[in-house]
Amino acid sequence: MLELNILLLVVLVFVRETIGVPAQTPFEISPIDTNAKPRRKLQGRFLHITDIHPDPHYRVGSSEKKACHRGKPKEGKSAAGFYGLPFSDCDAPFSLTNLTLDFLDREWTDEIDFVISGNATPCLTGPAARHDNDRRHPRTTAEIYDLNRAMAKKMEHVFVRKGIPVVPSIGNNDNIMLPGPNSITAEFTSIWRAFVPFPSYQVFQRGGYFSVEVVPESLAVVSLNTMYFYDSNTAVGGCERTGPQDPGNLQLDWLEVQLKAFRDRGMQVWLSGHVPPSPRNFYSECYVRYLELSLRYQDTIVGHLYGHMNMDHFFLLDAEQLTRSRDVAPALHAAAAGDPAVLKHPKKELYKLLLQEFADLPGAARLNHDNYAVVNVAPSVIPTYLPSFRIYAYNSTGEAYRPGQPGDVVAAHSLRSLAGAQCADGGAYAHSWRCHLAQPWHSDARSPSRTNRLWTPLGYAQYTLRDMDTADESRPPKFKLEYLTFPVAALHPDADGAANATDSDSEVGAAKDKAKVWRPIPRRHLPRTLRNTTVGKSKKYAPYGMEELTIGAWTGLAQRLGRAKAKGLRSRFREYMYMGANGE
């Protein structure tokens, strides 16, 4: 306790003395049990949390126009609240960081197996630091590193000491990152020592990416440094095929080796990072290579988890999209350069653009799932809308999928075969990656990304922090369920013959609940209406009704959303995307 308090006080005193930080409650860390707990029995759940952006200059009562650092708001405008200013361009006060992580420590750490932080504790360019949005208080390298050290210590305390692996990723806010090794990767090799496995240090120092076996010999998470793919980073070459030493190409070469090795060992993999992989975000050649690897190893990758956009949504990696004549909406994600203010116009367009992409999908009879992967983009903790996090449930039972068995059918096509005429001599793409990636794809309808079996993601529950406008230090707001992807029936696998138990608020009820049967979301974390086993449907909390999060389930939801008649479903999708802000 003494050691940690001294560390954090030194951090904050240093920052205050060098940049004049107003007083705030520092990141709070309770006494640490030096005997870290061993790995527990698998719970079949994990946490995805992204974009915290703690701001040491945040001041309660200040104006959004001044980045919530000073001034008074104009009449009729909301002032910065104790826990943040929702639906604003301000970053997060330390009180919101502490409230969120303390809540997860208290309520969820006994229920999860690992954490994917699509950069809850990231680097010089990422959301363990604030945005550089105030000329009077410009960010300094020292401030950023100090905030990241404090955040890493907080994450260590909440998760790692309990045997819960944390997999962070590098962010983007400065939009420039030079090829490594560099001072950033060197510094974060030290700051993230508790998160990056020792065998990965050399690779991480070179490029800021690594992998972790969150379930040894079975399930891994790959943390990608999307700065080397991001088209706003002008310090890199954009994965051009003529530049084999480009840091984006080197990272994708490494990823290819990782995926092959995990597949050879019969493991499954989550891919994670900060900036979502789309043709509107990535350099075109980086996107093509990412898409190709995602589909070549579709039988090994169970999902793709990202942040950055602050808006809850999903989209499809679609190989056939590369061959369509329609231009792929060029401005959507590229406009998200890290500053929420830049998003004002494009974020209104996101909803309509996604619906158009969904409407363009082939019908169920003609849709070939070998050609698709699904990217899930989580909302942020920073209150651009409302602070949020997700709890994913996954299948932790049954027989493991083993690729490459006798009799397995290897997909007959590759990206090169799909590109077809685009690769004609003298054509625009003849010398691009799409015309030179001819390796056959490993697509299998029996794999966990395609059918419900061991390691298949089953669904997620999203929690948001509401009532922030009326909250203060003595009356903190509470995280509450916003929605979940499961059908209501899946929440109560023992519903047959079960009583309408709602006593799980008590310790006795919770113990009985846990002893009975595994539930994707523990009953105590559900609103009362969903704890009742006689409730069969809920448009408010469970409009999607997805039995699992396979590629087929996501394309099915996309097709439903693509129908103009699905007004109710579309309304929910929009509401979740903008959290009631109507896209403004």
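Where is the place of Arg296? Arg296 sits in helix α7, which covers residues 284–296; helices (H or I, at least four residues) and strands (E, at least two) are DSSP runs, numbered from the N terminus.

A word on the model: it is predicted, local features need pLDDT of at least 70, side-chain atom pairs count only at pLDDT 80 or more, and totals for chains, interfaces and linings use all residues. Residues are numbered from 1 along each chain as its sequence is written, and side-chain values use heavy atoms, with hydrogens and water left out.

Let's look at two residues together. Buried here means under 20% relative accessible area, exposed over 50%, and partly exposed in between (1.4 Å probe, protein chains only).

| Residue | Relative accessible area | Class |
|---|---|---|
| Arg296 | 5% | buried |
| Phe103 | 14% | buried |

Contact means heavy atoms within 4.5 Å. Not counting residues up to four places away in sequence, Arg296 touches Glu256, Gln439, Pro440, Trp441 and His442.

Phe103 belongs to helix α2. With the same exclusion of residues up to four places away in sequence, Phe103 touches Asn98, Trp108, Phe389 and Phe479. Phe103 and Phe479 are 376 residues apart in sequence, yet their C-alpha atoms lie 8.3 Å apart in space.
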